[in-house]
Amino acid sequence: MVMARGPGDEYESGVCNIGPDEIAHRLTLAHIGLLITLGFLALLIVTHVPLLARFSVALPAWGTAVAYLQAWRRFCVAFGTLGVFNFGQVGSSERVADPQMRARDRRRALEIVLLGLIAGVVAGTVAVLLPI
């Protein structure tokens, strides 16, 4: 039986550098990160830290957002930075040979990190503004 190939089933510079196993791995990490972020926020609230200290929730929220963005965009930040891709089992990778393709991958990786940072700052700001 031949499986039909669709978008995201193979490496595309600056667009897609991970396959289903890597995507599932990032989703798992993102879900765990979300639980950690919410737990950390709850701890900050119940221990009555100063309001501005609640902004520290931005850091785990940033990591969580990056993990979700990687899964959603089918693009690993670390792989894009290192110039590799993986459509096999988690833990393996192949090298991107073309320097222009690696440059596109680095730009996409930076974009994901910056979008995650924005999400983290928003989460931190919301944490500070919560009326609790």
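**View 1. Helix H2 and its cover in the predicted model.** H2 has 16 residues and spans 22 Å from first to last C-alpha. That is close to the 22 Å expected at 1.5 Å a residue, where the expected span is 1.5 Å times one less than the number of residues. Helices (H or I, at least four residues) and strands (E, at least two) are DSSP runs, numbered from the N terminus. This is a predicted model, in which local features need pLDDT of at least 70 and side-chain atom pairs count only at pLDDT 80 or more, while totals for chains, interfaces and linings use all residues. Residues are numbered from 1 along each chain as its sequence is written, and side-chain values use heavy atoms, with hydrogens and water left out.

The buried residues of H2 are Ala58, Ala61, Thr64, Ala65, Val66, Ala67, Leu69, Gln70, Ala71 and Arg73. Buried means under 20% relative accessible area, exposed over 50%, and partly exposed in between (1.4 Å probe, protein chains only). H1, H3 and H4 are among the elements that cover these residues. Contact here means heavy atoms within 4.5 Å. Just after H2, arginine 74 adopts a positive phi of about 55 degrees.

View 2. H4 covers residues 99–129, 31 residues in number. At the start of H4, a side-chain oxygen of aspartate 98 comes to within 2.7 Å of the backbone nitrogen of glutamine 100.

Asp105, Arg108, Ala109, Ile112, Gly116, Gly120, Gly124, Ala127 and Val128 are the buried residues of H4. Their cover includes helix H1 (20–46), helix H2 (58–73) and helix H3 (77–82). In an α-helix, residues three or four places apart point the same way because there are 3.6 residues a turn.

View 3. Serine 13 belongs to the segment before H1. With 10% relative accessibility, serine 13 counts as buried. Its side chain joins that of arginine 104 in a polar contact of 3.0 Å. A polar contact is a pair of N or O atoms within 3.5 Å; within protein, one must be able to donate a hydrogen and the other to accept it, and residues adjacent in sequence count only if both atoms are side-chain atoms. Leaving aside residues up to four places away in sequence, serine 13 touches Met101, Arg104 and Asp105.

**View 4. The aromatic cluster of Tyr11, Phe85 and Phe87.** These three residues, Tyr11, Phe85 and Phe87, form one aromatic cluster. Rings of Phe, Tyr and Trp (its six-membered ring) pair if their centres lie within 6.5 Å; planes under 30 degrees apart count as stacked, over 60 as edge-to-face and the rest as tilted. The count by this rule is two aromatic pairs. Tyrosine 11 and phenylalanine 85 are stacked, at 4.6 Å centre to centre with 20 degrees between the planes. Tyrosine 11 lies in the segment before H1 and phenylalanine 85 in strand E1 (residues 84–85), so the pair ties together parts 74 residues apart in sequence.

The ring centres of phenylalanine 85 and phenylalanine 87 are 6.2 Å apart and the planes meet at 55 degrees, so this pair is tilted. Tyrosine 11 is buried at 17% relative accessibility, and phenylalanine 85 is buried at 14%. Phenylalanine 87 is partly exposed, with a relative accessible area of 23%.

View 5. A disulfide is a pair of cysteine sulfur atoms within 2.5 Å. The count by this rule is zero. For cysteine 16, the closest cysteine sulfur is that of cysteine 76, 11 Å away and too far for a bond. Cysteine 16 is buried, at 1% relative accessible area. Cysteine 76 is buried too, at 3%.

View 6. The protein chain has four helices and two strands. From the N terminus on, its elements run α-α-α-β-β-α. The C-alpha trace spans about 55 × 35 × 20 Å along its principal axes. Of the 132 residues, 36% count as buried. Residues 24 or more positions apart account for 75% of the contacts with a separation of 6 or more.

Mean pLDDT is 93, and 94% of the residues reach 70 or more. pLDDT is the predictor's confidence in each residue, from 0 to 100. Over residues 1–5 pLDDT stays under 50, and the model has two contacts for them beyond four places in sequence. Where pLDDT is low, the predicted coordinates should not be read in detail.
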